[in-house]
Amino acid sequence: MSDWRRAVVTGASSGIGEAFARRLGADGTDLVLVARSADTLQRLADELGERSGVTVEVCAADLTTPDGCATVAARLADDTAPVDLLVNNAGIGTSGAFGSIELQREVDLIALNVTAVVRLTHAAVARMRAQGRGGIINVSSLTAFQPYPFGANYGASKAYVTSFSKALHTELAGTGVGVLALCPGFTRTNFQSAAGISRTPIPDWLWLQPEEVVDEGLAALAAGRSVRVPGAAFKAWAGLTKVVPDALIRRALASVGHRRH
Ligand SMILES: NC(=O)c1ccc[n+]([C@@H]2O[C@H](COP(=O)([O-])OP(=O)(O)OC[C@H]3O[C@@H](n4cnc5c(N)ncnc54)[C@H](OP(=O)(O)O)[C@@H]3O)[C@@H](O)[C@H]2O)c1
């Protein structure tokens, strides 16, 4: 059984967001699924409704746009069927030398990875505070722990998400509303191919499955944590970034980035 009655999951049409939807649905949580691919969401909604008996709404929205965010924000503010869990998961990456990537892709990345997270969290926090209970999981990344050469804008967007989430976790202490920055490393989804990132230099054993990321995220939120890095190897990396000088880590990441681009 889930702790949550109804969840909004963004980016639910694939990868980590789909895994959140499947896990929450199986646990008995009603769902509002958000992404641009309406047909894919509808198929998932039908499957989960049939299999788990939960109520599943589909909300097709492009979260790089103010209108798309406003549609989802309105659903979060609707108290006829209140939402108690928001998973801000939709995100995109860009990869390559900054300046060689089309500006619009970088601007869209900020709109989705940062602005949409702020807009939806703003809508959810007001409602959840009034309810005296709620949870927000913001899917960040391991790249949040240090600047990320050859993924500079992506790393900066995730540093924003982690910093924002940690601050809110503290602001909301004692209100019944928990906030978690979930920071996965390499996870097997469509993300790398959509971002133009080569998978070849990354050993097979290092990859996480989306389900592992979801399990750790939900457990960490339930435990009242502010940040969670899923998987032992990635936890070790996050620990290293606290003790190894930032300039050294940036040089190492840059040399890997140089070879890939
Ligand atoms: N996979 C990894 O290695 C990894 C590592 C660290 C962090 N993350 C983070 O994990 C999150 C989920 O990514 P994933 O790995 O599951 O990738 P994914 O399989 O590519 O899923 C991305 C999701 O975001 C949705 N999306 C993309 N653009 C959108 C837009 N403009 N409006 C609304 N929804 C949009 C996509 O659906 P539509 O195309 O249907 O809109 C899809 O459901 C992201 O925030 C990513 O940064 C991933």
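User: How do the residues of the shell around the ligand divide into nonpolar, polar and charged?

Analyst: Good place to start! Keep in mind that this is a predicted model. The shell around the ligand holds 30 residues, with Ser 14, Arg 36, Ser 37, Tyr 154 and Thr 189 as the closest. Sorted by type, the shell residues come to 12 nonpolar, 15 polar and 3 charged.

User: How far is an oxygen atom of the ligand from an N or O atom in the side chain of Tyr 154?

Analyst: Let's walk through some polar side chains. Ser 13 has a side-chain N or O atom 2.8 Å from a ligand oxygen, and a polar side-chain atom of Asp 62 is 2.8 Å from a ligand nitrogen. For the side chain of Tyr 154, the distance to a ligand oxygen is 2.7 Å.

User: What percentage of the ligand's accessible area does the protein cover?

Analyst: Start with the ligand on its own, which has 880 Å² of accessible area. Of that area, the protein covers 94%.

User: How many disulfides does the count come to?

Analyst: A disulfide is a covalent bond between the sulfur atoms of two cysteines. Take Cys 59, which is buried at 10% relative accessibility: its closest cysteine sulfur, in Cys 69, is 11 Å away, so that pair is too far apart for a bond. Cys 183 is also buried, at 0% relative accessibility. The count of disulfides comes to 0.

Notes. Residues numbered from 1 in each chain as written. Predicted model: local features only at pLDDT ≥ 70, side-chain atom pairs only at ≥ 80, totals over all residues. Heavy atoms only, no water. Near = heavy atom within 4 Å. Polar contact = N/O pair within 3.5 Å; in protein donor to acceptor, adjacent residues only side chain to side chain. Areas by Shrake-Rupley, 256 points an atom, 1.4 Å probe, with all protein chains shown as cover. Nonpolar A, V, L, I, M, F, W, Y, C, P; charged D, E, K, R; others polar. Disulfide = S-S within 2.5 Å. Buried < 20%, exposed > 50% of the residue type's maximum accessible area, 1.4 Å probe, protein only.
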